[in-house]
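Colleague: I would like to learn how to read the annotated sites and the ligand shell in a model like this one. Could you take me through it step by step?

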Amino acid sequence: MGVTEKKAKDRKYKRILLKLSGEELMGDGDFGIDPKVLDKMALEIGQLVGIGVQVGLVIGGGNLFRGKALSEAGLDRVAGDHMGMLATVMNALAMRDALERANISSRVMSAIPMSGIVDHYDRRQAVRCLANNEVLIFAAGTGNPFFTTDSAASLRGIEIEADIVLKATKVDGVYTADPMKDPAAVMYDRLSYDEVLDKKLGVMDLTSICLVRDHGMPVRVFRMSKAGALLNIVVGDNEGTLIEE
Ligand SMILES: Nc1ncnc2c1ncn2[C@@H]1O[C@H](COP(=O)(O)OP(=O)(O)OP(=O)(O)O)[C@@H](O)[C@H]1O
Ligand SMILES: O=c1ccn([C@@H]2O[C@H](COP(=O)(O)O)[C@@H](O)[C@H]2O)c(=O)[nH]1
C-alpha cells in the first residue's frame, strides 16, 4: 500500500475548517503576501484533498489590515473593520490563485457580496461545493464589524458541520501565556473550552471560543510551518493543542 493510500485509510476527519493566519502569508516580510508561502500552503491543502478530506478555509487579514490597529491610528473603527474584511478577500483571491496553479479545484465565497469577483456566501451551496471536493475559501469574515476571522472560522465550521476547526498559527499550540512574549510559557496538550475562557488564553478571541463551546466543535491549534503537521492531524496525530469539552 502506498503512503497516500495508507493516509487515506487512516483519515480521521472527513470535513475540516482550516483557519490560516493572515500574518503567515507575509513570509519573512512585514506586510503583504509572499507567493512562495501560498504555494507551500496550497501543496499541503492538496495533500488533504488527495486523501479525500473536504476543506473549508478561512484566512485572516493581519498581513494587511486590522480594524483595531487602524482605529488606534485614527480611523473610524467600523471603516477599519470593513478594510480588514476586504483584506481577507484579497488574501482569499491570492490563495485561490495558488490553488488553481496547483490544479486544485477551489472557490471563494464572501460574506460581503462582490459580484463578478467572488461568489456570495450561501450555506447550502457551500456544502454542495465541499461534497464535490472543491476547496472552499470563506472570505470577508462574518461580514460584520467588531468580529475577527477566528469567529468567522468557528461560525463557518459549525455551519458546514465540519468535524473539527484547525487553527494554523505561528506558534506550536496554546500556552500558559503568549509564547512570543513569555519564554517560560508552557504548552498544553489539551484544554477544555472553559479553561481557555477562564484563563483568558489569547490564542483565539474569546467570542470564537464561546461559539465552538456552545456547539461542541473541537478545535486544534498548531504551527502551520511545521512540515507535515496538517496531514498528521487529519490522520489523528496529536500535533499542537486540542480544545474540546
Ligand atoms: N496563550 C497563548 N498561547 C498561544 N499563543 C498565544 C497565547 N496568547 C497569545 N498568543 C498569540 O496569539 C497569536 C495567534 O496568532 P495568529 O496570527 O494565528 O492569529 P490571528 O490574529 O487570528 O491571525 P491574523 O490576524 O494574522 O490572521 C500567536 O502568534 C501568539 O503569539
Ligand atoms: O467578521 C469579521 C472578521 C474580520 N474583521 C476585520 O478584519 C480584520 C482582519 O481579521 P483578523 O481576524 O484580525 O485577521 C479584523 O481585525 C477586523 O478588523 C471584521 O470586522 N469582522
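Colleague: Which residues does UniProt give as "binding site"?

Modeller: This is a predicted model, and the annotation comes from an unreviewed UniProt entry. That entry places the feature at K19, L20, S21, G22, G62, R66, T169, Y175 and D178. These residues span 160 residues in sequence and their farthest two C-alpha atoms are 23.7 Å apart, so they do not all gather at one spot.

Colleague: Is Y175 buried or exposed, and is D178 buried or exposed?

Modeller: One counts the other C-beta atoms within 10 Å: 20 or more means buried, 12 or fewer means exposed. Y175 has 21 such atoms, so Y175 is buried. D178 has 12, so D178 is exposed.

Colleague: Now the ligand. How many residues surround ligand 2, and which are the closest?

Modeller: The shell around ligand 2 holds 23 residues, and the closest are G60, G61, G67, G84 and G141. By type, the shell divides into five nonpolar, 14 polar and four charged residues.

Colleague: Which helices supply at least two residues of that shell?

Modeller: Helix 3 (67-72), helix 4 (77-101) and helix 6 (149-159) each do. Helix 4 gives the most, with six residues.

Colleague: What domain does UniProt place on this chain, and at which residues?

Modeller: The unreviewed entry places "Aspartate/glutamate/uridylate kinase" at residues 14-222. Over that range the chain is 39% helix and 18% strand, with the end C-alpha atoms 19 Å apart.

Colleague: And for the protein chain as a whole, how many helices and strands are there?

Modeller: The protein chain has nine helices and nine strands. Its radius of gyration is 17 Å, close to the 18 Å that the globule rule gives for 245 residues, so the chain is as compact as a globular protein of that length. Buried residues account for 44% of the 245. Of the contacts between residues at least 6 apart in sequence, 71% join residues at least 24 apart.

Conventions
Residues are numbered from 1 along each chain as its sequence is written. Chains are lettered from A and ligands numbered from 1 in the order in which they are written. This is a predicted model: local features need pLDDT of at least 70, side-chain atom pairs count only at pLDDT 80 or more; totals for chains, interfaces and linings use all residues. A residue is near a molecule or strand if its C-beta atom, placed from the backbone, lies within 6 Å of it. Helices (H or I, at least four residues) and strands (E, at least two) are DSSP runs, numbered from the N terminus. Ala, Val, Leu, Ile, Met, Phe, Trp, Tyr, Cys and Pro count as nonpolar, Asp, Glu, Lys and Arg as charged, and the others, Gly among them, as polar. UniProt positions are given in the numbering used here, feature names are shortened, and annotations may be inferred rather than shown by experiment. The radius of gyration is taken over C-alpha atoms; the globule rule is 2.2 Å times the number of residues to the power 0.38. Two residues are in contact if their C-beta atoms, placed from the backbone, lie within 7 Å.
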